[in-house]
Amino acid sequence: MNLIKLRKWWYILSLVIIIPGTLSLLLWGLKPSIDFTGGTQLEFSGTKDKAKLEQVAKAQKVENFVVTVSQDGLILRTKTVDEAKQKSLKTAVEKDVSGAKQTRVDTVGASISQEITRNSILLVFAASAVIICFIAFSFRKVPKPANSVEFGLVAVTALLHDALVVLGIFSLLGHFFGVEVDPLFITAILTVIGFSVHDTIVIFDRIRENLIKGSYDSFEDTVSVSVYEMLPRTINTSFLVWIILLVLLIFGGSSIRYFVLALVIGVLSGSYSSILNASPLLVTWQELKAKRKRA
Amino acid sequence: MKSKRRNWIRVSILVIFLLLALGVDWPGGVHFSLPKPKFATQKSFPFVNVKKDGTLFKFDNNLDIKEGLDLQGGSHLVYTVDMSKIASGERSSALASLQKVIENRINAFGVSEPVVYTGKNGNEYRVTVELAGVKDTDSAMNIIGKTAKLAFKESNADGSSFTETDLGGAELKSSSVAFDQTTGAPYISIVFNAEGSKKFEEITGRNVGKPLAIYLDETLVSAPNVNAQISGGNAQITGKFTLQEAKNLSIQLNAGRLPVPIKLAEQRTVEATLGQESIRLSIVAGILGVIVVSLFMIFYYRLLGVFSTLGLALYLVFTLALFKIFGITLTMGGIAGLILSIGMSMETDVLVFERIREEMRNGRNFDHAYNLGFNRAWSSIRDSNIVSLIICALLLYAGGSIRGFAIVLALGIIVGLITTFLGTRALIELIARHKFVSNNWLFNVEGEDQTGKPSKTRFSLSKMFTRRNK
């Protein structure tokens with residue numbers, strides 16, 4: 001089995017996953033949680049029965065709410081609900097949750113400022129630029145015709161691939177299953193990006209070493225051998241991280257389920273892209289360069 | 001055997017650090033006591049002073065791992081906003097800048113990861129502040145509520161009253177706490193921006209020999225006499241401050257004045273947003289994960305896996321100690337950073353071990369192979385970790401919970417590198433020259449033994465992939 005020879009198929013598989021996700025991102029975007037949008041906050045006194053309130057709210061078709069237990073009652077935060085719904089919710093809660101009395105209804109603003117969201121997006125691009133520069137510097141000794149800037153650009157392509165996979169899948173999940181993205185999701189995306197670059201660089205390092213040694217005939221062979229040499233390591237580390245994540249996913253409780261899911265998808269995608277996208281892309285790039293020279 | 005002695009020094013340093021870290025990790029500190037009755041009459045021993053209660057050695061720490069709002073809950077403070085002086089068209093922007101100033105103040109005060117949001121009910125505006133834990137609430141409240149309007153006023157012609165100048169907190173560039181050289185009293189040193197410097201120069205110029213009053217929230221703080229025109233934009237606010245007051249004031253001035261006055265309306269405690277059950281399960285899951293990872297490493301890398309597990313234990317002890325020392329607020333985001341850094345530190349091990357096995361497969365004996373393994377794996381470990389640290393450094397600017405995540409991840413990466421390259425390596429070196437390591441089975445290396453005997457390997461997850469293609 002030659003993984004690099006099959007590269008066309010790996011690209012296609014990536015596109016099959018990324019295109020629907022990206023379309024969904026463009027069409028529907030992500031479903032932001034109340035931390036980003038603000039909404040309605042209802043306060044109830046006379047009860048601390050969180051589970052019961054959650055049950056009633058669900059029965060009233062209030063979606064994606066957060067209930068906090070406070071010193072003197074419960075606070076329910078949810079997306080903006082209209083007055084009719086507020087009234088029916090109030091009646092239902094006061095009837096079904098024993099002792100509950102609604103004390104306040106507020107329209108509340110976002111707790112995560114747009115600045116933080118915007119900063120995170122800008123920082124991903126800033127990080128990409130810095131990564132390209134660093135790799136271009138660190139890989140400057142790769143022999144011609146390969147060029148260290150290519151390594152940097154390809155590593156960042158893999159990074160964006162992984163971010164897009166997770167964002168796309170969550171956009172689809174949001175549209176079809178009402179899954180929201182909360183502040184933890186931003187952390188998950190950043191984690192995935194960190195993991196992805198880490199993974200890619202380790203393989204690129206081996207390619208660099210083998211290129212400098214120069215014991216293989218072609219660029220493609222060198223990349224191919226390097227990927228094979230690094231396979232046990234890539235599989236083992238990803239496997240280790242998956243173990244921890246899977247255990248968290250199964251036992252970790254519902255409030256962090258989507259957070260862990262984002263990490264599981266991202267780590268999977270990170271290993272996939274570093275072996276089956278980034279390394280083959282280096283080969284494709286060299287081929288294109290050679291073709292253009294000949295033409 | 002110079003290198004052997006060096007390694008013993010390395011191991012000793014490691015043990016000392018391990019003991020220190022354990023002392024920090026242990027809840028409430030460590031006390032070594034002798035049983036009281038026997039020694040109670042004797043006051044001291046030749047080398048050790050025994051205290052009356054028999055305590056030999058006492059290392060107290062009141063360090064705790066701080067948990068964020070999502071993990072432990074905290075205080076929920078509601079402020080009403082007095083919008084009476086704000087035109088109705090400007091109220092929402094005033095509210096937004098109010099939120100930002102409050103966030104800045106709390107962050108500068110060091111209570112990490114507060115949640116601040118605004119609320120509206122008809123014509124009533126509110127700001128809700130949630131702070132993790134309840135320990136620092138009172139002091140945090142002191143910082144949040146004050147308007148911190150800074151004003152410089154010059155004396156009137158008759159010298160009996162002051163009139164406001166056009167210089168105020170808006171022209172401030174930064175402020176910090178400094179100490180008087182002779183009395184040691186704290187004062188606040190302020191630096192004006194370009195515009196402020198110019199104004200300050202003008203004002204001091206026309207007030208030489210006269211007092212210049214500094215007002216904070218319309219209260220006179222001090223009114224020093226101007227001796228000469230001051231250029232350069234530096235000024236001092238002296239007054240009867242305690243150190244804490246000076247610090248708070250400096251934070252407030254740096255974050256800017258509140259655009260609208262606010263008043264505390266409600267204060268209550270809230271429970272963790274993530275349910276206790278969920279947190280408990282996550283911790284159990286984390287421990288379970290670490291155990292499974294260790295078992296896998298031992299199963300796959302055998303002897304090296306044992307060392308890696310020891311390294312992982314060291315890693316956890318050190319990280320926990322650093323969390324306490326740096327007072328890091330642990331949130332779910334931080335835990336994610338921790339998990340990622342465990343993954344990355346295991347990756348360092350895997351990279352080194354794979355390299356060692358590779359060198360052994362090429363016929364080198366263990367003593368030689370493990371040195372090569374550590375040295376040759378270094379370039380990839382260096383590059384990938386530098387990139388991760390660069391990302392962390394950039395993320396510090398994002399603010400909010402992302403900052404906490406970045407700090408945890410960066411600490412984890414650095415500790416991971418140190419434990420692998422000092423800790424694990426020193427431990428491996430202890431056994432590297434023993435005879436028993438010539439058995440390749442111990443390292444899950446296929447092919448001939450270092451002694452020439454064939455070595456059987458039953459399990460190799462990635463054997464099917466590793467056959468080299470021609």
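Q: Which residue is the bridge partner of A:V66 in β3(A)?

A: Strands are DSSP runs of E (at least two residues) and helices are runs of H or I (at least four), numbered from the N terminus. Two strands pair if DSSP finds at least two bridges between them. In β3(A), A:V66 is partnered by A:R77. The strands involved are β2 (residues 66-70) and β3 (residues 73-78) of chain A, paired in the antiparallel sense over five bridges. With two residues between them, β2(A) and β3(A) form a hairpin.

Q: What should be kept in mind about the numbering and the predicted model?

A: Residues are numbered from 1 along each chain as its sequence is written, chains are lettered from A and ligands numbered from 1 in the order in which they are written. The model is predicted, so local features need pLDDT of at least 70 and side-chain atom pairs count only at pLDDT 80 or more, while totals for chains, interfaces and linings use all residues.

Q: Which stretches of chain B have pLDDT below 50?

A: The mean for chain B is 78, and 83% of its residues reach 70 or more. One stretch with pLDDT below 50 is residues 34-52 of chain B, which has 14 contacts in the model beyond near neighbours in sequence. Another is residues 454-470 of chain B, with 27 such contacts. Residues are in contact if their C-beta atoms, placed from the backbone, lie within 7 Å. For the complex as a whole, the predictor gives an ipTM of 0.80 and a pTM of 0.77.

Q: How many residues of each chain take part in the contact between A and B?

A: Chain B contributes 66 residues and chain A contributes 64 residues. On the side of chain B, elements that each supply at least two residues include β5 (115-121), β14 (262-270), α8 (276-301), α10 (332-361), α11 (366-395) and α12 (400-431). Strand pairing also crosses between the chains: β4 (residues 101-108) of chain A is joined to β5(B) by two bridges, and these strands run antiparallel. The bridge partner of A:V108 in β5(B) is B:G119.

Q: What is the strand order in the open sheet of chain B?

A: The four strands stand in the order β8-β7-β11-β12 (chain B), with antiparallel pairing. At the edges are β8 (162-168) and β12 (219-222) of chain B, each of which pairs on one side only. Strand β11 (residues 212-216) of chain B is joined to β12(B) by three bridges, and B:Y215 has B:L220 as its bridge partner in β12(B). In total, chain B has 13 helices and 17 strands.

Q: Which residues have the most contacts inside the largest nonpolar core?

A: A residue is buried if 20 or more other C-beta atoms lie within 10 Å of its own, exposed if 12 or fewer, and partly exposed in between. A nonpolar core joins buried Ala, Val, Leu, Ile, Met, Phe, Trp, Tyr and Cys residues through C-beta atoms within 7 Å. The largest core here has 172 residues, and those with the most contacts inside it are A:A155, A:V166, A:I189, A:V192, A:F259, A:A262 and B:L395. Helix α7 (residues 183-213) of chain A gives this core its largest share, 15 residues. Leaving out residues up to four places away in sequence, B:L395 touches A:L123, A:L190, B:I402, B:R403, B:F405 and B:A406. Another core lies apart from the largest one and has 16 residues, among them A:L42, A:A57, A:V62 and A:L74.

Q: How much of chain B is buried, and what share of its contacts joins residues at least 24 apart?

A: Of the 470 residues of chain B, 40% count as buried. Among its contacts between residues at least 6 apart in sequence, 68% join residues at least 24 apart.

Q: Where does A:K61 lie, and does it count as buried or exposed?

A: Most residues other than glycine have a negative phi. A:K61 has a positive phi, near 60 degrees, and lies in the loop between α3 (50-59) and β2 of chain A. A:K61 counts as exposed because it has 9 C-beta neighbours inside 10 Å.

Q: What is the phi of B:R302, and where does B:R302 lie?

A: B:R302 is not a glycine, yet its phi is positive, about 50 degrees. The residue lies in the loop between α8 and α9 (303-326) of chain B. Because B:R302 has 18 C-beta neighbours inside 10 Å, it counts as partly exposed.

Terms used
Contact = placed C-beta atoms within 7 Å. pLDDT = per-residue confidence, 0-100.
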